[in-house]
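The following note sets out points for discussion on the structure below. Please read each point alongside the sequence and the coordinates.

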Amino acid sequence: MECFPSLVRALTSLLGALALLQLSLYLRVPSRYGKHEERPCRARGRLPARCAWFLQELPSFLVPALLLALRSPPRLEPLGCRLLCCLFCWHYFYRTFIYPFFTRGRPFPLQLFFFGTLFCIYNGFLQGYYLIYCAEYPSDWCTDIRFTSGLLLFLLGMGINIHSDLLLRQLRKPGEVTYKIPQGGLFTYVSGANYFGEIVEWFGFAIATWSLPAFAFAFFTLCCIGPRAYHHHRYYLKTFMDYPKSRKALIPFVF
């Protein structure tokens, strides 16, 4: 397999367009799952949360791994391959093989599961294909300010994301499906601490790789889960009379 820059440009442009579509669809009205469902959850047409998260996120790990295996010869010497494995695949290893087995979320709608899985296949191919077959970095890239600052942001964002997920899990006992006010960590300042962490993480990845596909993915993440953090914030304010009024929706002290 070889690099086709026109393919990378086309897929990256489509990802940017999908980001704007997500923003236009869900900025005013939240996607109808979880706490934003309009009617009680029914088992029909849904998957258990653990199964859905595992199957949905799996392609983001497997597709880049397959592309790496198809590389001739399959090796990790190019820096793009190492960046892919150490950052992108690291995140999706956690999302695929760790997070699903601890989540206590409600059953997942099949329609959202289907589109989420398609996106993971698409984005896994785009990021993996670019970094394995197209990316070229100078030998001293690991000392470049873009790499070091991006790596620090990635690690910070992933740490916030994982810690926030842990705090959310602790709100429920096994079998509970009710919603409670998140406490602790960055939830002290924002309603969408887990979303904020993931957005920081992927913008860090984009800076570290300094690639258009990664920036398009970071922008998509912002357009996809940024509005959801906003709608979560409105839900908490309407549902809980004692919800802290000083909390912001997504960005501490700002928004």
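1. Helix α3 and helix α5 (residues 145-169) pack at an angle of about 5 degrees, and their axes lie 12 Å apart. The two helices are therefore roughly parallel to each other. Axes here are lines fitted to C-alpha atoms, for helices over the stretch in contact, and angles run from 0 to 180 degrees between N-to-C directions. Angles under 35 degrees count as roughly parallel, over 145 as roughly antiparallel, 65 to 115 as roughly perpendicular and the rest as oblique. Helices (H or I, at least four residues) and strands (E, at least two) are DSSP runs, numbered from the N terminus.

2. On the basis of the model: it is predicted, so local features need pLDDT of at least 70 and side-chain atom pairs count only at pLDDT 80 or more, while totals for chains, interfaces and linings use all residues. Residues are numbered from 1 along each chain as its sequence is written, and side-chain values use heavy atoms, with hydrogens and water left out.

3. The structure holds three salt bridges, each defined as a side-chain nitrogen of Lys or Arg within 4 Å of a carboxyl oxygen of Asp or Glu. One of them joins Asp 165 to Arg 95, with the closest N and O atoms 3.6 Å apart. Asp 165 lies in α5 and Arg 95 in α3, so this pair ties together parts that are 70 residues apart in sequence.

4. Arg 95 also forms a salt bridge with Glu 198, at 3.3 Å between the closest N and O atoms. Glu 198 belongs to helix α6, so the pair ties together parts 103 residues apart in sequence. Arg 95 is buried at 6% relative accessible area, and Glu 198 is buried at 15%. Buried means under 20% relative accessible area, exposed over 50% and partly exposed in between (1.4 Å probe, protein chains only). Through shared partners, salt bridges join Arg 95, Asp 165 and Glu 198 into one network.

5. Arg 146 and Asp 144 meet in a salt bridge through their side chains (3.0 Å, N to O). Arg 146 is partly exposed, with a relative accessible area of 27%.

6. Phe 93, Phe 97, Ile 98, Phe 101 and Phe 102 make a nonpolar surface patch of about 460 Å². Patches are made of residues with over 30% relative accessible area and no salt bridge; like charges are joined within 9 Å, and nonpolar side chains (Val, Leu, Ile, Met, Phe, Trp, Tyr) within 5 Å. Accessible areas come from the Shrake-Rupley method with a 1.4 Å probe, and for residues only the protein chains shown count as cover. Phe 93 is placed in α3 (residues 79-97) and counts as partly exposed at 38% relative accessibility.

7. Leaving aside residues up to four places away in sequence, Arg 228 touches Ser 31, Tyr 33, Gly 34, His 36 and Tyr 195.

8. Lys 173 sits in the loop between α5 and α6 (193-209) and is exposed, with a relative accessible area of 59%.

Conventions. Contact = heavy atoms within 4.5 Å.
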